[in-house]
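Thanks for coming, everyone. Please bring the structure up on your screens, and we'll walk through it together.

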Amino acid sequence: MARYLLRRILLVVPVLWAVATLTFFLVRAAPGDPFSAEKSIPEESRAEIEAFYGLDQPLPVQYLRYLGNLLRLDPGYSYSHPGFTVGEIIRDHFPTTLAYAVPGFLFALFLGIGLGLLAALRRGGWGDFLASTLALAGICLPTFVIGPLLALLLGAWLGLLPTVGWSGGADFGAGFPPWAYAVLPALTLGFLYTAFVTRLTRSGLLEALGSDFVRTARAKGLGRPRILWRHALPVSLLPVVNFLGPALAGGLTGSFVIETLFHIPGLGQFFVDAAINRDYPLLLGLVVFYATLILLLNLLADLLQAVLNPRIREEMG
Amino acid sequence: MTERPPPDAGRPRRPLSPVALGAALVLGLIALLCAVGPLVWPVSSATTHLSLGATPPLATILELETTGDERLLDLPRADRLAANGNRALGDLLPGRAPLEPAPGETIAWVQVPPVLPGPEGYPVPPAWVRPGEGEAYLAAVAPHLEPDPGWQQTWKVGASPLRFLLGTDELGRDLAVRILEGGRLSLAVGLAATLVSVTIGLLYGGIAGYAGGRVDTLLMRIVDVLYSLPFLLFVILLMVVFPRSLLLLFLAIGAVEWLTTARIVRGEILARKRLPYVLAARALGLGHGTILLRHLLPNTLGPVLVYATLTVPTVILLESVLSFLGLGVQPPASSWGILINEGAERMLAYPWMLVGPSLLFALTLLSLNLLGDGLRDRLDPRARFRLRR
C-alpha cells in the first residue's frame, strides 16, 4: 500500500512538469504578446515593464526561471492585476470557489446516493421513475442552461434567492444573508452530479444485490439492513468513487461557467480572464494549480476506492 | 473498460427501441430544420430592427408611421411604456390625468429624444397621447425643455405585418432564424469534431491494440495520464492563444475527445487480432499496416459508431461551453452557446431569449443521448448499466 502510494505520488511530478512545459511553450508559440493589444505605450516604458516581468530575457532563460518559480510555489506577479502575485490571487479567490463548490458536491453526493438507493430498492416504483427522470434531465440540461433557469425560477419569479452576485460585492438584492449567494451556484453545480451519482448508485446497487456475495450473506442468515449497509452499498459505491475523478475535471468547467453566469469573483473567472488578457504568469500558474489539484484529488479517489473494495486493496499489495 | 468478445458474433438482431427511434426522428427533424430552415425562412438573421428591440414570441407589432426612420413597437412593451410614460408625464406636467386608452383605441407614442435634458437635467421619458393630441402635448412640454424644437415628432400607430415566432433579440433580429443558424453551426461542429476525434482514436487505439506488448502499455498509460488532466484548460488555451477559427475549434475539441474511442478500439482489436481471418491475411503475405487498416479497423466500426453518437452531444456541449465563455464561435456568427449566453444575461427582462435556445439545445442533447443509448443497447445489451464516460 505504502509503495503504491509512493509510486503514484512520484508519477505526479513528471506529469506536472509535462503540463507546465506544454502550457509554457503553447502560450509562447502564439502570435502577439500581452502588451500588444493595449494602447501603444512609449518604447522606454515598454522596455521597463518587460524587464520587470523578465520578458526581455531569452526564452530558455524565461522557461528555467518559470520552472524555478513554480518550485518555490511563487509564479510571480500578474500582469492584469498589477501588484498582486499569482499566489495571492489564488489565496484570495480560491476559497470563494470552494464556498459554493464543496456544498454543491456534497449535496450531489448525498442526494444522488439517496435517490439511487431509493430507485434500486423500489425498482419500478416512483423513486425509480424520479431517478431516471432526473438522470435524463441531467444529460440534457447542462450547467449553463440549468443555471439561468434556476435563477429565473428561484431568484426572479419566486424571489427566494439572489439571482446574481456574491456577498461583499455590490448589493443589488439587499436583505439576503451571505450564505444565500452560494445556494444557486451550489445547486447549479450539484444538479448534473446528482443525476450522475443517482444513475451510478442505482446500477451499482442493482448489480451488487444480484451478486454472489450478497447471496452468501443472505445464506448466512444476515438481516436485510446489514446486507445492504455493510455488504452491498460499499461495493455499489465504487462506480461513484470512480466517477469522482472525471467529475472534478468537469466541476472545473462548471466553475468557469457558474462564475461567469452568477458573476462570482472565484478563481475560475480569473482563469478565463487571464486567458483572454494573456496574463502569462497568472495563466500558467493557474493551469499548474488546477492540474495539481486534479491529480491529487484523483489520487485520493483511487485510495478511497481501495478502502471500499477488498479486491483492489489486495491488488495494490 | 472491460474487454469483450466481438459483439456481432451470432447474436440475434434486436430491433431499435421505440424511444431511440423517436429520438432519431426528432433529431432528423432538428437537423433538417437547422440545415434548410435558415435558407427558406422569410427573414434573414442579419435583418435588424433596431427600433424594435427584444420582442416576446408572437407579440403583435405596432408600426409608428413617421417621416423617415422605421419605428416598430411590440404591444407588451407598448403597454409597459404607456404605464411608465403616464407616470412620468404626471411628474413633468402637474395636473395632467394619466391616459387610459379604451380597448382597441390607437394611441400615439411621443418620444422626446433622450439626449435632451428635461427640467432637472434628466432625459424626458416617452409618453402616450391620443392621435391628434400630440401637438398639444408637445406644446405643453416644450417650455420645460431646452429650447430646440427640432426633435419634436408625433407618430400615428398602425398594425405591422411583422410577427416573430420566437420573438426577437435586442437588435430586433428574428430569434427563430438565429436559433436555427446557431443549431446548424453547433451540429456541424459536433459532427466535424467527432470525426476528428474518431479518426485519432481509431489510429491510436488500433496501433496500441495491434502492436501489443510494451508499445500497448506505453500508449495506454499515456491515455491514462491524459484522462486525469484538465483538458478543458488546454482547449481554452488553444482557443485563446491562436487566432480563433472554426477549424481550430474542430481540432481543439477533437484532440480532447479521442481518449475513450482509443480505449474502445484497442479493446476491439485485442479481441480480434488472433482471429483466423487475420492469420489468413498474414499467410497471404499482407503487411501489418494493410491488415490493421483494411481488415481490423473496419470491423471495429460498429462499436465506434455507437460511441461516436454519444460523442456528438459531448462535443456540442463543449463547443457551447466555449462559446458561452466567449472563447468559441465569435459573434455575429451564432451558436447555441452564444444564444444561451445572451439569453442568460437578459433573462430577467427578456426570458424568451433564454427559453427558446435552451429548449432546442436540451431537446437535441436528449435525442442524441437517447439514440446513442438505444444503439448501444442493441449492439451490446450488457452495456446497458455501464457508465458512459
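First, the ground rules. This is a predicted model, where local features need pLDDT of at least 70, side-chain atom pairs count only at pLDDT 80 or more, and totals for chains, interfaces and linings use all residues. Residues are numbered from 1 along each chain as its sequence is written, chains are lettered from A and ligands numbered from 1 in the order in which they are written, and side-chain values use heavy atoms, with hydrogens and water left out.

Chain A, then. It has 13 helices and zero strands. Helices here are DSSP runs of H or I with at least four residues, strands are E runs of at least two, and both are numbered from the N terminus. Along the sequence, the pattern of chain A reads α-α-α-α-α-α-α-α-α-α-α-α-α. Chain A has 317 residues, and 50% of them are buried. Buried means under 20% relative accessible area, exposed means over 50%, and partly exposed is in between, with a 1.4 Å probe and protein chains only.

Now contacts, meaning heavy atoms within 4.5 Å. Take the contacts in chain A between residues at least 6 apart in sequence: 70% of them join residues at least 24 apart.

Chain B has 12 helices and five strands. It runs to 389 residues, of which 50% count as buried. For contacts in chain B with a separation of 6 or more, 73% come from residues 24 or more positions apart.

On to helix packing in chain A. Find helix H11, residues 267-277, and helix H12, residues 280-308. Their axes are 9 Å apart, at an angle of about 135 degrees. Axes are lines fitted to C-alpha atoms, for helices over the stretch in contact, and angles run from 0 to 180 degrees between N-to-C directions. That angle makes H11(A) oblique to H12(A). The cut-offs: under 35 degrees is roughly parallel, over 145 roughly antiparallel, 65 to 115 roughly perpendicular, and the rest oblique.

Who touches whom? From H11(A), the residues include A:Phe270, A:Phe271 and A:Ala274. From H12(A), they include A:Leu283, A:Leu286 and A:Tyr290. By class, this contact of H11(A) with H12(A) has 11 nonpolar, one polar and no charged residues. Ala, Val, Leu, Ile, Met, Phe, Trp, Tyr, Cys and Pro count as nonpolar, Asp, Glu, Lys and Arg as charged, and the others, Gly among them, as polar.

Next pair. H8(A) and helix H9 of chain A, residues 224-236, pack at about 170 degrees, with axes 10 Å apart. So H8(A) is roughly antiparallel to H9(A). H8(A) brings A:Phe213, A:Val214, A:Ala217 and A:Arg218, and H9(A) brings A:Ile227, A:His231, A:Ala232 and A:Val235. The classes in this contact of H8(A) with H9(A) are six nonpolar, one polar and one charged.

Salt bridges now. The rule is a side-chain nitrogen of Lys or Arg within 4 Å of a carboxyl oxygen of Asp or Glu. How many salt bridges are there over all chains? Seven.

Start with A:Arg202 and A:Asp128, with the closest N and O atoms 2.7 Å apart. A:Arg202 sits in helix H7 (residues 180-209) and A:Asp128 in helix H5 (residues 126-140), so this pair ties together parts 74 residues apart in sequence. A:Arg202 is buried at 18%. A:Asp128 is buried too, at 9%.

Now A:Arg215 and A:Asp212, at 3.6 Å between the closest N and O atoms. They are three residues apart in helix H8, residues 212-219, separated by about one helical turn. A:Arg215 is exposed at 53%, and A:Asp212 is exposed at 54%.

In chain B, B:Arg346 and B:Glu345 form a salt bridge at 3.3 Å, N to O. B:Arg346 is partly exposed at 23%, while B:Glu345 is exposed at 57%.

A:Gly116 lies in helix H4, residues 86-121. Is A:Gly116 buried or exposed? It is buried, with a relative accessible area of 0%. Beyond its neighbours within four places in sequence, A:Gly116 contacts A:Thr198, A:Thr201 and A:Arg202. That last one is the arginine of the salt bridge with A:Asp128.

Last stop: A:His263, in the loop between helix H10 (238-262) and H11 of chain A. Its phi is near 55 degrees, a positive value in a residue other than glycine. Most residues other than glycine have a negative phi.
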